[in-house]
Amino acid sequence: MPIKVRCKECSTVLTVSDKAAGRVVKCRECSAPVKVPSGGASAGAGSKSGRTGTQRTGRKLARSGRPAASGNPENLFGGLNLDEAADKRRRVCPNCTTPVGIDDVECPKCGVNIETGILSERERLRRARKGPPPEEFYGKIWKNSWRFLQKHWGYAVRTGVIWGFTATMAICSAFTLNWYLQARTIELRDSAEGNIEIQRTAVIITIQEPTDEATYDGKRYTKGNVPGGILILPPPHVGAWLSPPTYFWVSMLSVFILGFGGWAWTLAIKIVEVTLAGEKKIKRFQTDLFGSMALGFRSVVWPLVLLYPFLWIPVVVQLATGSQVATAILWVVIFLLPILLFLPAALVHMTQRYTFRAWLLNWMARDTLKTLAPSLYVGMLLFFLVLIIPCAIGGITAAQWGQVSRFYTQSIENPALNGMFGYNPEDFLSTGSFVFYRFPFLFVVSFAACFLLFGILAFPAIFMMRVYGLYGLYFRPDLSLVNEQVELEPAGFGPRFLAYLVDSILLTVLALVAFVAAILIGGLVGFLYGMSAQVAMFVRFGINAIIMLVLWGLYFASWESGQNRATLGKSALGLLVLNDDDTPITLKQGFGRALSALVTALTLYIGFVICYFRKDHRAMHDLMTKTKVVWRGEDDRQ
C-alpha cells in the first residue's frame with residue numbers, strides 16, 4: 001500500500017509507493033530530498049504485507065529444510081543472498097545511485113550527503129539561485145565559448161565582412177569630408193574681393209559709401225543689401241562646415257559608424273538571449289545592415305548616457321587648459337570605461353522586457369559591484385582579445401596624425417598614382433584628380449586593410465559575445481533585472497530621466513528647424529525694414545526662441561494628450577501621462593503641463609529632481625497640473 005511522508009522543507013504531504021520504502025524521493029513542490037521510512041507504522045499496510053510474506057517464506061523453509069525458491073527448477077539463483085553477494089567496496093548515492101568514492105561525503109552529481117541522504121547546504125544555496133554555481137564560471141567559459149565559436153564561424157565571417165565594409169566607407173567618408181573642407185576653405189579665401197577683412201574669427205565686409213562694393217563666395221554686396229554698413233560673416237574654415245556637401249558627408253560618416261557598432265550590438269544581444277535560453281545554436285537570425293544602423297545609435301549613445309553626470313569634465317578641462325590631447329583622452333575614457341566595466345550587465349538587461357536600468361549609472365554600478373570579480377575578468381578579456389589592437393592603431397594615428405598622413409601621401413599614394421596614371425601631387429585639391437585617382441585608390445587600400453584587420457578580430461569578438469551570455473547565465477540572480485511592472489505604478493526618477501534624454505534628441509531637431517526658420521524670417525524682416533546687422537541679429541534670436549518654444553509645446557501637448565498618452569521617449573520606456581483620477585489629459589492640459597515643465601526647467605531642474613525624493617515620484621510640473629507619469633500596462637505595450 002502507499003506510504004505517506006511529509007517534506008521537511010515545505011511541509012507538503014507526499015504519497016509514494018511502498019517500493020520506495022527506505023529510499024530518498026524528490027518533493028514535487030520544492031524539489032527537496034525526502035527520506036521515506038523503511039518500516040513501522042509509517043509504512044502502513046505495505047509493511048504489514050511485507051511481514052506476512054516473510055513469515056510464509058519462513059514456514060516454507062522450515063517444512064522443506066531448504067530454500068523455498070529451490071523448489072522451482074527454473075529459479076537457479078533462488079537461494080542466493082543478494083545482500084551478501086553485493087560488492088561492499090563500491091558506494092552509490094542514495095538519491096541518484098551515482099557511484100561515489102570511499103572518501104566522498106557528498107555526491108558529486110546531485111550534492112546529497114551520502115550518509116544522511118539530505119541535500120547539502122552548498123547545493124541547497126545553488127538550487128535557490130535557480131542557476132549554475134558562479135564558481136564554475138571561470139573554468140567553463142573558455143571551453144564553452146570556443147565550442148560556440150566553432151559552430152558559428154559563419155557569423156564571424158559575416159561580422160568581419162560587415163565591419164570591413166562599414167569601416168572602409170567610414171574612412172572614405174572622413175577622407176572626402178577632409179578634402180572638401182580644405183578645398184572649400186581655400187575657395188572662400190580666394191573669392192574675397194573689395195573691402196573685405198578676413199580674420200581668424202570672422203569675415204568683416206565694410207560698405208560705407210553707396211559706390212562701395214565687395215564680393216564674397218560669389219555674392220555681390222552693396223549699400224542696398226548691407227544696410228548697417230558692416231556685415232559680419234563666419235570665417236572661411238567655419239563657413240566650409242556650413243555647406244550642404246559637408247552635411248552630406250558628415251551624415252554618411254555617421255551612418256557607417258552606426259552600422260559598425262549597430263551590428264556588434266545587435267549580434268551580441270542575440271547571442272546573450274540564446275545563451276540565457278539554454279540554446280546551443282542561433283536559429284533564424286537574418287543580417288539586416290540598415291536595421292543594425294538604427295540600433296547602432298545605442299552603441300554610441302549608451303556610454304554617454306550612462307556617464308551623463310561626468311560629461312562636463314572634458315568640457316571644463318578644455319576651457320581651463322586648452323589642451324586638446326587631455327580632452328581627447330578624457331573622452332576616450334568616458335567612452336571606453338562603460339564598455340570595459342558595465343557592458344556585461346548592460347547586455348543582459350537589454351534582453352529583458354524593461355531595459356531602462358541598463359542606462360542608469362546607479363543600477364549598473366550596483367550590479368557591477370555585486371559581480372565585481374567576473375565583470376573585471378570579462379572586461380580584461382575584451383580588452384586583450386578584441387580592443388587592444390584597434391586602440392593601439394587609433395591611439396598612434398591620433399597622436400601622430402601629421403606623420404601618418406604625410407607617410408600615406410608621400411610614401412604610398414603619390415608614388416602609386418604617379419606610376420600608374422602620371423598623377424601630379426600638386427593637383428591634390430583638384431576635383432577631377434580626387435574623383436578619378438585619390439578616392440578609388442584610398443578605397444582599395446582601406447578595403448584591404450580593414451578586411452584583414454576586422455576579419456581577424458571578428459572571431460574573438462564572437463567568442464566574447466558568448467562570454468557575455470555565460471556571464472548572464474551564471475550571475476543572473478545577482479543582477480537587478482526587470483521583466484514586469486505594476487500597472488499605473490508611479491515611474492521613478494531614473495526612467496523619467498531617460499525618457500527626457502530621448503525626447504531631448506527630438507527637441508534638438510525641432511530647435512534646428514526653428515533656427516533655420518528664424519534665419520529665413522529674420523532675414524526677410526531685416527530686408528523689409530532696413531535693419532542694421534546688430535538689430536537683425538536680435539530679431540532673429542527672438543523669432544528663434546518663439547518658434548522653438550511653440551514647437552516644443554506642440555510636441556509635448558499633442559503627444560501626451562493623444563492616443564499614445566506619452567511622448568516618444570516615455571513611450572519607448574513603457575510610460576504614460578494621466579490625470580490624478582487615471583483619465584487621459586486633454587490638449588489644453590497638455591499645453592499647461594508643457595508650460596509648467598518650462599517653469600520647472602527655470603528652477604535649474606530642481607523642480608524635476610524632487611520626484612526622486614517623493615514617494616509618489618511627482619515633479620513640480622506634475623503637482624502644478626495635477627498629473628502623473630505611471631507605468632503602462634502589459635496589454636498596452638503589445
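# Confidence, burial and ring contacts in a predicted model

The protein averages a pLDDT (the predictor's confidence in each residue, from 0 to 100) of 82, and 85% of the residues score at least 70. This is a predicted model, in which local features need pLDDT of at least 70 and side-chain atom pairs count only at pLDDT 80 or more, while totals for chains, interfaces and linings use all residues. Residues are numbered from 1 along each chain as its sequence is written, and side-chain values use heavy atoms, with hydrogens and water left out.

User: Which element of the protein has the lowest mean pLDDT, and which the highest?

Analyst: Elements here are DSSP runs numbered from the N terminus, with helices (H or I) of at least four residues and strands (E) of at least two. Helix H1, residues 45-64, has the lowest mean pLDDT, at 43. The highest mean, 94, belongs to helix H21, residues 620-625.

User: How many contacts beyond four places in sequence does the model have for residues 73-77?

Analyst: A contact means heavy atoms within 4.5 Å. Where pLDDT is low, the predicted coordinates should not be read in detail. Over residues 73-77 the pLDDT stays under 50, and the number of contacts beyond four places in sequence is 1.

User: Which residues of helix H12 are buried, and on which side of H12 do they lie?

Analyst: Buried means under 20% relative accessible area, exposed means over 50%, and partly exposed lies in between, with a 1.4 Å probe and protein chains only. In helix H12 (residues 361-370) the buried residues are Trp363, Met364, Asp367 and Thr368. Taking the arc from the directions between the helix axis and the C-beta atoms, they cover only 130° around the axis, which puts them on the same side of H12. Leu369 and Lys370 are exposed on the other side.

User: What is the distance of Arg357 from the ring centre of Trp363?

Analyst: A charge sits over a ring if NZ of Lys or CZ of Arg is within 6 Å of the ring centre and within 35 degrees of the ring normal. Trp363 is one of the buried residues of H12. Arg357 lies over the face of Trp363, and its distance from the ring centre is 3.6 Å.

User: How far apart in helix H17 are Tyr555 and Trp559?

Analyst: Tyr555 and Trp559 form a tilted aromatic pair, with 6.2 Å centre to centre and 50° between the planes. Tyr555 is buried at 8% relative accessibility, and Trp559 is partly exposed at 33%. In helix H17 (residues 533-561) these two are separated by about one helical turn, because they are apart by 4 residues.

User: Where does Asp217 lie, and what is its phi?

Analyst: Most residues other than glycine have a negative phi. Asp217 lies in the loop between strand S10 (214-216) and strand S11 (219-221), where it is partly exposed with a relative accessible area of 38%. Although Asp217 is not a glycine, its phi is positive, at about 55°.

Notes: Rings of Phe, Tyr and Trp (its six-membered ring) pair if their centres lie within 6.5 Å; planes under 30 degrees apart count as stacked, over 60 as edge-to-face and the rest as tilted.
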